[in-house]
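Thank you all for making the time this morning.

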2 protein chains.
Amino acid sequence: MNILIVHAHPEPLSFTTAMKDHAVEVLEKLGHQVEVSDLYAMNFNPIASREDFSELSHPEYMNYALEQRHACKNKQIAADIQIEIEKVQKADLVILSFPMYWTSVPAILKGWIDRVFVSGIFYGGKRFYNHGGMVGKKALLSFTLGGREHMFGDHAIHGSIEDLLLPIQRGTLAYAGFDVLPPFTAYHVPYISNEARQQILLDYQQYLHNLENLPALDFPKLEQFDDKLYPLG
Amino acid sequence: MNILIVHAHPEPLSFTTAMKDHAVEVLEKLGHQVEVSDLYAMNFNPIASREDFSELSHPEYMNYALEQRHACKNKQIAADIQIEIEKVQKADLVILSFPMYWTSVPAILKGWIDRVFVSGIFYGGKRFYNHGGMVGKKALLSFTLGGREHMFGDHAIHGSIEDLLLPIQRGTLAYAGFDVLPPFTAYHVPYISNEARQQILLDYQQYLHNLENLPALDFPKLEQFDDKLYPLG
């Protein structure tokens, strides 16, 4: 497979970064082609703005999604965005690698999504979920967090991690058409021993070896809804 | 009340921005003091990094939350962050005003949270949820989106909007101690008539007039959990 890892951590010596480096090594050994977008190292600009288009179809009033559609058609999208779009288009699997910040992705990674997942290519009209622009590709989250595993779950203090991941796994990746694989979650990372971290790297290695067998998470299919997107039956 | 509106839209002529302006007018007429952080107008930097601290307690390896705690104690946090922290500290109510991007906040607003909600002031140790640093303050979301109301809900195509808002309403605002008021949601904004938009402004005005009567959303209380944060009973 062609694999794109989009990585977002401000500290090159972090365990999250070690996990990313480990993933590159393991996946290449397995014969995959791996590309990395290291957003901090790239100094990636996460702010969606009119500067993202060399020409606006409606300069007097900017609708961001509409200008995305227009700019993609006319090759007027900013070069840094175009490069990332092409990396995703080339990839069979996209891995988002990050430390959880406020039960979500860091801003620099949110901005990569805001700017790169352009209307017209990733979605548009009735092209979303199982008809989204990225159908046929897989995606997964690989992240670290401070909390312990027992703090997440239906009756746990922070609720279920699946629920916290809905905006990114369902509202973003599945919406754009990706098959979303179960995430790899590294709990309590800032507080554990080196031995425990080594174990996480081993678990991650096993997870990556098993990638092709992971069943995708279940998300809506357009065929379950009518023309106006009311649920059928 | 002292009210802080944190606004994030790239287009000054947008309806989201009109809603923000309307809120300022309505709230001031009601006798409140209103301050606005217009993140795009401020060119706010959303990227958490070591540049946020004038000195690091551990320059050889940066743990962002640890450096936040250290820098707040020693007044070594970046000036743009310090200003925003003080605005929040002064506020009785914080309103986050934004267009929904990928069922979440735009990156510039996510970065305002990542950088401003510092460890040591907003949370830390066992100070979170109903013991969080912002206890006694209220917060609410006011946002626009493209989808129609019937596309959200338990059996709807995008699931319930409350679930999509969990990371921001529960994992962020409630976690930091805010009482989170029910959000004001403006559906289908890019596609509706001017008359429908005028109606939304009227609805928003009524919502803002009724602020003091809105019951806060229900989120965990630490007393429901034991020392290790396992659920009691």
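Let me begin with a term: a salt bridge is a side-chain nitrogen of Lys or Arg within 4 Å of a carboxyl oxygen of Asp or Glu. What you see is a predicted model, in which local features need pLDDT of at least 70 and side-chain atom pairs count only at pLDDT 80 or more, while totals for chains, interfaces and linings use all residues. Residues are numbered from 1 along each chain as its sequence is written, chains are lettered from A in the order in which they are written, and side-chain values use heavy atoms, with hydrogens and water left out.

By the salt-bridge rule, the count over all chains comes to 16. Asp52(A), Asp80(A) and Arg115(A) are linked in a network of such bridges, and within it Asp80(A) pairs with Arg115(A), the closest N and O atoms being 3.0 Å apart. Asp80(A) lies in helix H4 of chain A and Arg115(A) in helix H5 (residues 107-116) of chain A, so this pair ties together parts that are 35 residues apart in sequence. Helices here are DSSP runs of H or I with at least four residues, and strands are runs of E with at least two, numbered from the N terminus. Arg115(A) is buried, at 2% relative accessible area, whereas Asp80(A) is partly exposed, at 29%; buried means under 20%, exposed over 50%, and partly exposed in between, with a 1.4 Å probe and protein chains only.

In chain B, the side chains of Lys29(B) and Glu25(B) meet in a salt bridge at 3.9 Å, N to O. Both residues lie in helix H1 (residues 15-29) of chain B, four residues apart, about one turn of the helix. Lys29(B) is exposed, with a relative accessible area of 71%, and Glu25(B) is partly exposed at 47%.

Now to the place where the chains meet. How much area do chain B and chain A bury between them? The figure is about 4,500 Å², with 65% of it on carbon and sulfur atoms, where buried area is the accessible area (1.4 Å probe) that two parts lose on being put together, summed over both. Trp102(B), His150(B) and Ile157(B) supply 19% of the area that chain B buries against chain A, more than any other three residues. The contact takes 56 residues from chain B and 56 residues from chain A, contact meaning heavy atoms within 4.5 Å.

Across this interface the rule finds two salt bridges, and in one of them the side chains of Glu11(A) and Arg50(B) meet at 3.1 Å, N to O. Glu11(A) lies in the loop between strand S1 (2-7) and helix H1 (15-29) of chain A, and with 2% relative accessibility Glu11(A) counts as buried. Leaving aside residues up to four places away in sequence, Glu11(A) touches Thr17(A), Arg50(B), Tyr61(B) and Met62(B).

Finally, what about disulfides, meaning pairs of cysteine sulfur atoms within 2.5 Å? The structure holds zero of them over all chains. Cys72(A) counts as buried at 18% relative accessibility, and Cys72(B) is likewise buried, with a relative accessible area of 18%.

How values were computed:
Disulfide = S-S within 2.5 Å.
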